[in-house]
Amino acid sequence: MKNRLFILGFLLTSYLIFSQNHPFFNPGGGFFSIGAFENRTASLALGDLNADGFIDVVVANGRHWPQQNYVFLNSGKSSFTRAYNLDSELQTSYAAEIGDLDGDGDLDIAVGNDNAPNVFYLNNGQGEFNRGGTFGKLVSSTRNITLGDINADGFLDILITNRGMVNEICINDGKANFDKVITFGTESDSTIAVAVSDMNGDGKVDLVLANRDKQPNYVYLQGNVMNFENHIPFGTGQDETRSVVVADINNDGFLDIITANIEEANSIYFGNGKDFKSNFVYETEPLSTYTVFVVDLNNDGLLDILNGNSEGENFAYINQENGKHFKRITIAKGSKSDTYDIIAGDLNRDGYPEILEANSGELNLYYRNVFARLKKD
């Protein structure tokens, strides 16, 4: 009996300590991992791959070193109890994205690799994937990929950001053939990421670039179809920007740019339909922020910000005054993760998104959203 009481007391103490260390995204008895692997994970992608109504996860591993990529299927209880290899070949993957590439109604997967062919996989409708082919240059320093309908023909194209090389747009012919490739930027660009959205309200999607190596960041405006000669700057002109997202963070009807910078402050650049000169520093500490994501965590109608940091704690910034003030919340106190990607999705269909981390050399974790529990309580 004493042993049982001791074990119960130990578990209760451990739970209380864990709750204190995870104040806002306490998973209720322990954090959860996406698999038990400690790979060099660079990217996570979310989507209902097997059409069962639950969000699944694709994990891209390797970066400069070949490793296995995985598909994790959601059990329906916000756990991932089934998984399989995406390919028999190990790859140097920096990014994975999910979208319907061949127009058959199910979700396919595109994977961007460093100095190796970029590969896409076609879904058979049941969450099983076969190699569909390659896209872009056979050998490039790919750091990220983005899906978007660039030429407004109804088909998803693939954008590739190549650090220290020209960036590419692979045009989809509607049947998942990407033979036509156009470029943007210059061969000296250190582009790490690109966001795709209509930034000036003219009905054509534009490109928002995140550049490293103290290169200026630009919004490339689309003039004639797939012509990106006109560009406007944002940022200080010497930022080490690793990630950008686009959203109307202050609810004024104009899209804003939210940045993630390395060893400098992180800022929001507010759009007005013409430029992005007005800015707000939402994180003043010079953190090594590798990734940024926006999502409404507490269902108050305001978009919040997630930052994934290298060798440090990750933070959620709760939007409290239409982008004028943010409350910083530590996702996991004491964590020293090397987070390359942070995203959110409603894994258990309770109406509140969970937070997922892609951690290099550590477990990839996800955290249940405490706001759902607070609402019940």
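Biologist: In what order do the 4 strands of the open sheet come?

Modeller: The order is β6-β7-β8-β9, with antiparallel pairing. Please keep in mind that this is a predicted model.

Biologist: Which are the edge strands?

Modeller: They are β6, residues 93–99, and β9, residues 129–135. Each of these pairs on one side only. On average, neighbouring strands in this sheet are turned by 20 degrees against each other, direction ignored.

Biologist: How many bridges join β7 to β8?

Modeller: There are 3 bridges between β7, residues 108–113, and β8, residues 118–123. The two strands run antiparallel.

Biologist: And which residue in β8 is the bridge partner of Ile-109?

Modeller: That partner is Tyr-121.

Biologist: Turning to charges, how many salt bridges does the structure hold?

Modeller: The structure holds 8. One of them is between the side chains of Arg-143 and Asp-114, at 3.0 Å from N to O. This pair links distant parts of the chain, 29 residues apart: Arg-143 is in strand β10, residues 142–148, and Asp-114 is in the loop between β7 and β8.

Biologist: Are Arg-143 and Asp-114 buried or exposed?

Modeller: Arg-143 has a relative accessible area of 13% and is therefore buried. Asp-114 is buried as well, at 8%.

Biologist: Which residue does Lys-204 meet in a salt bridge?

Modeller: Lys-204 meets Asp-202, at 3.6 Å from N to O between the side chains. Lys-204 is partly exposed, with a relative accessible area of 28%. Asp-202 also counts as partly exposed, at 34% relative accessibility.

Biologist: What about Arg-212: which side chain does it meet?

Modeller: The side chain of Arg-212 forms a salt bridge with that of Glu-240, at 3.2 Å from N to O. Arg-212 is buried, with a relative accessible area of 18%, and Glu-240 is buried at 15%.

Biologist: Now to another loop. Where does Ser-310 lie?

Modeller: Ser-310 lies in the loop between β23, residues 304–309, and β24, residues 315–319. At 15% relative accessibility, Ser-310 counts as buried, because the cut-off for buried is under 20%.

Biologist: What is Ser-310 in contact with, leaving aside neighbours within four places in sequence?

Modeller: Its contacts are Ser-288, Tyr-290, Ser-337, Asp-338 and Thr-339. With Asp-338, the side chain of Ser-310 makes a polar contact of 2.7 Å.

Biologist: Lastly, where is Asn-39, and is it buried or exposed?

Modeller: Asn-39 is in the loop between β1, residues 32–33, and β2, residues 41–47. It counts as buried, at 15% relative accessibility. Beyond its neighbours within four places in sequence, Asn-39 has contacts that include Asn-61, Tyr-70 and Glu-362.

Notes: Residues numbered from 1 in each chain as written. Predicted model: local features only at pLDDT ≥ 70, side-chain atom pairs only at ≥ 80, totals over all residues. Heavy atoms only, no water. Buried < 20%, exposed > 50% of the residue type's maximum accessible area, 1.4 Å probe, protein only. Contact = heavy atoms within 4.5 Å. Polar contact = N/O pair within 3.5 Å; in protein donor to acceptor, adjacent residues only side chain to side chain. Pairing = 2+ DSSP bridges. Axes fitted to C-alpha atoms, helices over the stretch in contact; angles between N-to-C directions. Salt bridge = Lys/Arg side-chain N within 4 Å of Asp/Glu carboxyl O.
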